[in-house]
Amino acid sequence: MAVTLFLPTVLARLADGGTLRSEGGTVGEVVANVAERFPQLAPRLRDENGDPYAFVTFYLNDEDIRFSGSFAAQVKDGDELTIVPAIAGG
Amino acid sequence: MTSTTSTVAPELSNEEIFRYSRHLILPEVGLEGQKKLKRARVLLVGVGGLGSPAALYLAAAGVGTLGLVDFDVVDATNLQRQVLHGTSAIGKRKLDSARERIEDLNPNVHVEAHETSLTSRNALEIIGTYDIVIDGTDNFQTRYLVNDACVLLGKPNVYGSIYRFEGQASVFATKDAPCYRCLFREPPPPGLVPSCAEGGVLGVLPGIIGTIQTTEALKIILGIGETLEGRLLLVDALRMKFRTLNLRKDPTCPACGTHEITELIDYEEFCGVRQAAAADAAAASAVPEITPTQLAARISRGEDFDLIDVREPHEWEIARIPGARLIPLATLVEALPTLDSAREIVVHCKGGGRSARAVQQLQASGFRKVWNLAGGITRWSDDVDPSTPKY
């Protein structure tokens, strides 16, 4: 499945831009595909076991993936994955 | 509304009726709404980037009582975005500067100044007397503290957060709404996410996010419209994109789901701040240091050594120490073959943190004669050459 990933600017500099195309059958596979292509980005998306962090939230279309199976959540062609890291500036 | 002080609807003077006329002719506000605003008590945690526009617009709107929590002093670097404070306020307490500006803007507003940092010991007491909290803090430990206190007290937490060109906003902890921990269960380890002081922020961005927080607070007071409860607003100022995502209440959330958190905890411990500070101190003490004054003396004696600047190119453009060579920290490994481990090397950055890591990297690669410039180019400007710009 072809999925579009949206990265915030803080992570976009670790890839080639803020909008990435990726492939996979689940969110975890989509993220793994991107992690392989951009090794510097990889540790910002998932931990060393390949699991999501508690301070980076993934939205599949408009929904938090933790409520639909986390990295095991199935994706469809054309889905959008938005990555929302915790920021604290004020 | 759960105001703990005045429950009787206050009357508006003729001066107030005239002042708020553009509100009074809005059917959604009207006289009753304006009285609700006058009766409302809103707490601003932090009167910096986000708190500045919030304080100004809440005061202008006629919110009766504004509580301000801050312990900082106005610094010239604040003025690029903290529009509550002016040049004449540099060096003053932010609370004094804020009070003067608010009283000038609208003398009907009662300002309650809390000159303290919000802590687990005082948060419930301070927040408890207000109706709504606006989170304008700049660190994770205070954000989790504000969140947990608001959940325990049942007070709406109007959230906003910024970094570089992007912002987030939501309304947490109202009845049935998710809370900050439902969005981010745990904070990132210290040092992973740079602060605005380290990473920069577009000055107008807190204006955008702070006014969105203010809009939400006013809607909650007035009981109108649809707030960001259950939604997360993402703002990308570079692409000028606004997007809302659905936020769900997490039934396993220790604050608002399982209610495991029955009292405030140690948030510095929770966020790893204390452990990180201890590790930094240990690392710094393991690195040989040279002071800017000692460095200047070595330069003036014409001693032969290499001076390496590990900052970023945009920082190098602002200021540099004569004779330094720029090798940004991220490229140090690639540059190793161009360095001579037989020569003495002094490494510097802005404040001494990045260069300490560079010294450790060099030591790990077999360099033995390496020193870190204590306090970086900032202290060089203070102690040696005041003509070097500080940033």
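**Helix packing and chain contact in the predicted model**

Helices H4(B) and H10(B) are oblique to each other, a class that excludes angles under 35 degrees (roughly parallel), over 145 (roughly antiparallel) and from 65 to 115 (roughly perpendicular). The structure is a predicted model, in which local features need pLDDT of at least 70, side-chain atom pairs count only at pLDDT 80 or more, and totals for chains, interfaces and linings use all residues. Residues are numbered from 1 along each chain as its sequence is written, while chains are lettered from A and ligands numbered from 1 in the order in which they are written.

The axes of H4 (residues 51–61) and H10 (residues 205–222) of chain B come within 7 Å and cross at roughly 40 degrees, the angle being taken from 0 to 180 degrees between N-to-C directions of lines fitted to C-alpha atoms over the stretch in contact.

The contact between chains A and B takes 19 residues from chain A and 32 residues from chain B. On the side of chain A that touches chain B, the elements giving two or more residues are helix H1 (9–12) and strands E3 (56–60), E4 (63–64) and E5 (80–85); helices are DSSP runs (H or I) of at least four residues and strands (E) of at least two. The largest share, 3 residues, comes from E5(A).

Glu269(B) is found in helix H11 (residues 267–270) of chain B. Between Glu269(B) and Ser285(B), the C-alpha to C-alpha distance is 22 Å, at a sequence separation of 16 residues.

Conventions
Contact = placed C-beta atoms within 7 Å.
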